[in-house]
Amino acid sequence: MPNKLIDIKNISKSFDDNLVLDDLNLYIRENEFLTLLGPSGCGKTTLLRILGGFEKPDQGRILFQGKDITDLAPNKRQLNTVFQKYALFTHMTIAENIAFGLKIKKKSKSYIQDKIRYALKLVNLDGFENRYPDSLSGGQQQRIAIARAIVNEPKVLLLDEPLGALDLKLRQDMQYELIRLKNELGITFIYVTHDQEEALTMSDTIVVMNQGYIQQIGTPEDIYNEPQNAFVADFIGESNILPAIMVQDKLVQILGTNFPCVDTGFGKNEPVDAVIRPEDIDLVKPEDGIMEGVVTHLIFKGVHYEMEVTAHNFEWLVHSTDMFPVGTKVGIKVDPFDIQIMKKPESEDEEAAAADE
Amino acid sequence: MKKTLQKIYLALILILLYAPILTLVVLSFNASKTRSKWGGFTGEWYVALFQNESIMNALYTTLIIAFLSALFATILGTMAAIGLQATKKKLRSVFLTIANIPMLNAEIVTGISLMLLFLAFRMTLGFTTILLAHITFNIPYVMLSVLPKLKQTDIHTYEAAQDLGASPLYAFFKVVFPDILPGVLSGFLMAFTMSLDDFIITHFTKGPGVDTLSTKIYSEVRKGIKPEMYALSTLMFVTVLFLLVLINTAPPKKLTKEERQKQRKAVRISRTIFRKVVPAMLVIVIVAGGFFYNSKQNFANGSNRVIVYNWGEYLDPEAITMFEEETGIDVVYEEYETNEIMYPKVESGAIAYDVICPSDYMIQRMIDNDLLAKINFDNIPNIKNIGQTYMEQSRQFDANNEYSVPYCWGTVGILYNKKMVKEPIESWSVLWDEDYKDSILMQDSVRDAFGVTLKYLGYSLNSTDRDELYEAQELLIEQKPLVQAYVIDQVRDKMINNEAAIGVIYSGEAIYCQQENPDLEYVIPKEGSNIWIDSWVIPKNAQHKENAEKFINFLCRPDIALMNFEFITYSTPNTAARELIEDPAIRNSRIAFPDASELEGCETFKFLGDKNDRIYNELWRQVKSK
């Protein structure tokens, strides 16, 4: 396992009376694609700005390869940032934009020329040297911003919602492009987004944040399949979150009906939250299901149908390739390993987080 | 229909706005010296203007102050704007409001407070104080034009530059500055224009010998407007207009791609302007101006100079040059319009004048307030040329002839147009004659107006008797409907141009008027009038008293006194000089040198004390506002 490249220790930051980050701890390994994911105002951008050196934390330290860089000016840090709105220098040509950092480092002319050509090739924009930023489309500008950052050969690239301003198709293309870049360059990416799909597609590690706290750290699969609390479950993909009681190991009572599950280790009759993804619900004949319900809504989504089934006064969200017209009586069936059991939030903050969504 | 009406309305407004300026422009090309006649097209006034050294000097001072103040204000204002932009919104708006107050504040208040501040710090009023004042009032204008540009600027580009390794300063100049440059430039131009334009603040913060164009024009027009001034004002108007057009054609916010390309070019061009043209201009202006000053040697430092504070146009400039050549003493020359403007400046001690020329009653007041130094008459042998009569007259305000040397004198009388009156005038009563309704010009000055009326009533013009004053006030109110205008300097022009039949005027002006218009006649009414004397005095705080005495002695020389008599046309007390007058008509002029019999009922004004001054002023105010 590669070493810790960046170690974030006990970082707190507030603006006026508004606490944005509270005693946050996190480390980032070399060559990792780490995504900070959360709704706006969760503190992810602030954390990125602290890493970039644009904000000073109220408390805590940032270690970079073991060295404390908390008080180091942005221009002295071995990381580069790709800003949300590109932040290209509009009065300079593309070549001048890309050469900006290199000129400061007093690199030779031929070196700079080579780098510009290489970087433009890398982002598929050869021949754009003498254009000005505002003659480029949003996607092209974003790629220039990336090119401008990577020619400096940073150890870490910080990306602040770099795709937020692009349309869907372009965004998807750029996602693959970024993964390709990361693999070719072998540098660490720290990526900030509120788009869970983006996070799931690109990341090695996802850090889900809310209200200044880390809610869960894990691989995309972990995060999706085993959300540790209601906030994560709700934020990542769609899900049915149900109040439930753990009757005993491997048996949970949801809305008064017992469902077999695979979780163990909870107390007897402990109140919990059960998460069931819409695509994990099988709709069967009423007599074959664990619970009985009626289809109340039906929408065709392309890959699947989205239905709402009312059962035991709860509206279940169901994704299925089979279509059941509105009014059909159906049975609800869930495989035991598709039920994710979560502890009820204990701390106030977690509760706040849960309520906030 | 509606459209034409709109257009007519617009045209009307434009005419109203620009008619005065158009008149000025037209007059600046008028070959005739008087306003009322068109004497053909000429550029002669413009040529004369550029040959006038003192105006060219003022021009240089104006430009250098405008340039330097705009430059410093631009630097300071831009820095302030950047600082403000970085502060929190609430604090920013508070700061902005505070910063904008001086801009909305009455200029006169700003001017006076700046003057007081400079005096409090014991600074000598002069070039530096004007410059500081201009920088001060220019800063808000720069801030105001830079702030919006800063707001449009993406803060992230600044951060991006730092992120790429730029130091904060490098990032600012490389990335932020090009973005706000249009705002900085228009702020600079705005400041330059404001400085060029300013009169009031300059007026209060300037010292002797330093004039900007506006204060120069002001001091020149006091004695009647010379056509060169039309030319100068026209040039100033055109310059300011040009600058304003430059400022207002700054690029609009939203731009198409093409326009942005153009703008980028413009930024490049303006960058060259900033880096090359502007410094080059600065060097040229400073060097050229330096030559000016050197050639004039007006500003030669060192103590060998004399600071003269005199009425406007009350000394032949030629005489000053002669004095400088003969003695090697530099004359720093400053003018005032009235005794009342002069007095507080001397009293405040802001400027250590060496020699001043106040009128009789004001000399008395200055003696009373211990502002004057006794003159060492051993240094003024030429005092012998001054007629004994005038030394005697002077005793009315300078009891022992210790403080003053008479320079000019005259009477107040009636100037009338022989062709516009029925019979020769000999009494003040004509000023109350219904037949001359709307043809009478009165002096717009409290002591002159009351003096004339008190004399008409048979009282002393130094009366402090309440009943007499009330009686005079009633008469003045009664006279009001008959009066065409209350004026000071315009009596001359109006009488020359046959615009009025009768005017109260000073004798010296009368001689000039008669030369211009032979139909005019001057009379000292039989009830008696005011005889006034303006004399040279030396203030207590004078730094160059001996030079001042040399200067006074020089002016008492018969040839110099004659020069000045011919220049000013006011009567000279210098009997030796009178003998030198070639034209017997003038030498024996009854206006310039009336018989003793004519002066029988005449008195000089006396300083009546602050309390009585207030009473006079209040009574006069009531007259004017009725």
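In helix H17 of chain B, residues B:Ala449, B:Phe450, B:Thr453 and B:Leu454 meet B:Glu468, B:Ala472, B:Leu475 and B:Leu476 of H18(B), two residues being in contact if their C-beta atoms, placed from the backbone, lie within 7 Å. The model is predicted, so that local features need pLDDT of at least 70 and side-chain atom pairs count only at pLDDT 80 or more, whereas totals for chains, interfaces and linings use all residues. Residues are numbered from 1 along each chain as its sequence is written, and chains are lettered from A and ligands numbered from 1 in the order in which they are written.

The axes of H17(B) (residues 446-456) and H18(B) come within 9 Å and cross at roughly 105°, where axes are lines fitted to C-alpha atoms, for helices over the stretch in contact, and angles run from 0 to 180 degrees between N-to-C directions. H17(B) is therefore roughly perpendicular to H18(B), a term that covers 65 to 115 degrees, while angles under 35 degrees count as roughly parallel, those over 145 as roughly antiparallel and the rest as oblique. By class, this contact has 6 nonpolar, 1 polar and 1 charged residues; Ala, Val, Leu, Ile, Met, Phe, Trp, Tyr, Cys and Pro count as nonpolar, Asp, Glu, Lys and Arg as charged, and the others, Gly among them, as polar. Helices (H or I, at least four residues) and strands (E, at least two) are DSSP runs, numbered from the N terminus.

H18(B) (residues 466-479) also packs against helix H25 (residues 610-625) of chain B, with axes that come within 9 Å and cross at roughly 25°, and the two helices are therefore roughly parallel to each other. On the side of H18(B) the contact is made by B:Leu469, B:Gln473, B:Leu476 and B:Ile477, and on that of H25(B) by B:Ile615, B:Leu619, B:Gln622 and B:Val623. These residues comprise 6 nonpolar, 2 polar and no charged ones.

Elsewhere in chain B, an unreviewed UniProt entry places the feature "transmembrane region" at several spans, including residues 127-148 and 169-192. In the model, residues 127-148 of chain B are 100% helix and 0% strand, with end C-alpha atoms 33 Å apart; residues 169-192 of chain B are likewise 100% helix and 0% strand, with end C-alpha atoms 27 Å apart.

Chain A contains an open sheet of 5 strands in the order S13-S12-S11-S14-S20, with antiparallel pairing, two strands being paired if DSSP finds at least two bridges between them. Its edge strands are S13 (257-260) and S20 (340-343) of chain A, each of which pairs on one side only, and the twist averages 45° from one strand to the next. Within this sheet, S11 (residues 240-248) and S12 (residues 251-254) of chain A run antiparallel and are joined by 4 bridges; A:Gln253 in S12(A) is the bridge partner of A:Ile245.

A further open sheet of 5 strands in chain A has the order S15-S19-S16-S17-S18, again with antiparallel pairing. Strands S15 (281-284) and S18 (314-320) of chain A stand at the edges with a single partner strand each, so one side of each is left without a neighbour in the sheet. S16 (residues 291-300) and S17 (residues 305-311) of chain A pair in the antiparallel sense over 6 bridges, and the bridge partner of A:Ile299 in S17(A) is A:Glu306.

The contact between the chains takes 19 residues from chain A and 18 residues from chain B. Strand S6 (79-82) and helix H2 (94-104) of chain A each supply at least two residues of the side of chain A that touches chain B, and H2(A) gives the most, with 3 residues.

Methods. UniProt positions are given in the numbering used here, feature names are shortened, and annotations may be inferred rather than shown by experiment.
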